[in-house]
Amino acid sequence: AVVSTQSTGKNYIRDAYRFAWKNYHRYAWGHDHLKPLSRRYDDDLLGLGATLIDSLTGLLLMDLKEEYRLSLEWLENFSMANSKRSEASLFEFCIRILGSQVSSYFITKDKILLEKAKEVGDVAMR
């Protein structure tokens with residue numbers, strides 16, 4: 001399904017965001033990036049689920065509760081402690097992984113986000 005051309009304004013943006021998220025969920029769940037043309041994924045940020053984590057705040061702001069719940073469930077079961085931070089850009093690591101968890105925590109107060117942010121910070125300091 002594609003985004004409806006009948007949608008306008010914020011509904012169009014929300015529908016487009018949901019469309020992209022659903023395809024990420026279908027073809028690249030838990031991986032860093034979806035390659036939309038090939039429907040494959042890439043793990044160039046250590047396989048940390050960068051798109052999944054990076055989208056948390058957007059999901060919250062667009063009131064996509066089920067998508068947020070699924071993402072948070074994945075995050076709860078993922079351990080970043082085993083990653084090798086030296087292989088990724090510290091800048092990307094901090095803004096996409098750490099920043100998204102902290103900003104989502106400030107919106108929701110979900111403790112798991114704070115716990116995972118600390119875990120990410122520990123990995124970044126290696």
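## Terms and model

Helix axes here are lines fitted to C-alpha atoms over the stretch in contact, and the angle between two of them is taken between N-to-C directions, from 0 to 180 degrees. The model is predicted.

## Overall architecture

The secondary structure consists of six helices and two strands. Read from the N terminus, the order of elements is α-β-β-α-α-α-α-α.

The chain has 126 residues, and 38% of them count as buried. It exposes about 7,500 Å², with carbon and sulfur atoms supplying 55% of that area. Among contacts between residues at least 6 apart in sequence, 57% join residues at least 24 apart.

## Packing of α1 and α4

Helix α1 spans residues 9-28 and helix α4 spans residues 65-76; they pack at an angle of about 35°, and their axes lie 11 Å apart. The crossing of α1 and α4 is left-handed.

On the α1 side, the contact is made by R18, W21, K22 and H25, while α4 contributes E67, L70 and S71. Sorted by class, the contact of α1 with α4 comprises two nonpolar, two polar and three charged residues.

## Positive phi in two loops

D63 has a phi near 60°, a positive value in a residue that is not glycine. This residue, D63, sits in the loop between α3 (56-61) and α4. Is D63 buried, partly exposed or exposed? The relative accessible area of D63 is 43%, so D63 is classed as partly exposed, given that this class lies between the 20% limit for buried and the 50% limit for exposed.

K109 also is not a glycine, and its phi is positive at about 65°. The loop that holds K109 runs between α5 (90-108) and α6 (111-124). With a relative accessible area of 46%, K109 is partly exposed.

## T57 in helix α3

T57 belongs to helix α3. Which residues does T57 touch, leaving out those up to four places away in sequence? The partners are S100, S103, S104 and I107.

The relative accessibility of T57 is 17%, and T57 therefore counts as buried, because the cut-off for that class is under 20%.

Definitions and conventions: Residues numbered from 1 in each chain as written. Predicted model: local features only at pLDDT ≥ 70, side-chain atom pairs only at ≥ 80, totals over all residues. Heavy atoms only, no water. Helix = DSSP H or I, 4+ residues; strand = E, 2+ residues; numbered from the N terminus. Left-handed = near helix turned anticlockwise from the far one by under 90°. Contact = heavy atoms within 4.5 Å. Nonpolar A, V, L, I, M, F, W, Y, C, P; charged D, E, K, R; others polar. Buried < 20%, exposed > 50% of the residue type's maximum accessible area, 1.4 Å probe, protein only. Areas by Shrake-Rupley, 256 points an atom, 1.4 Å probe, with all protein chains shown as cover.
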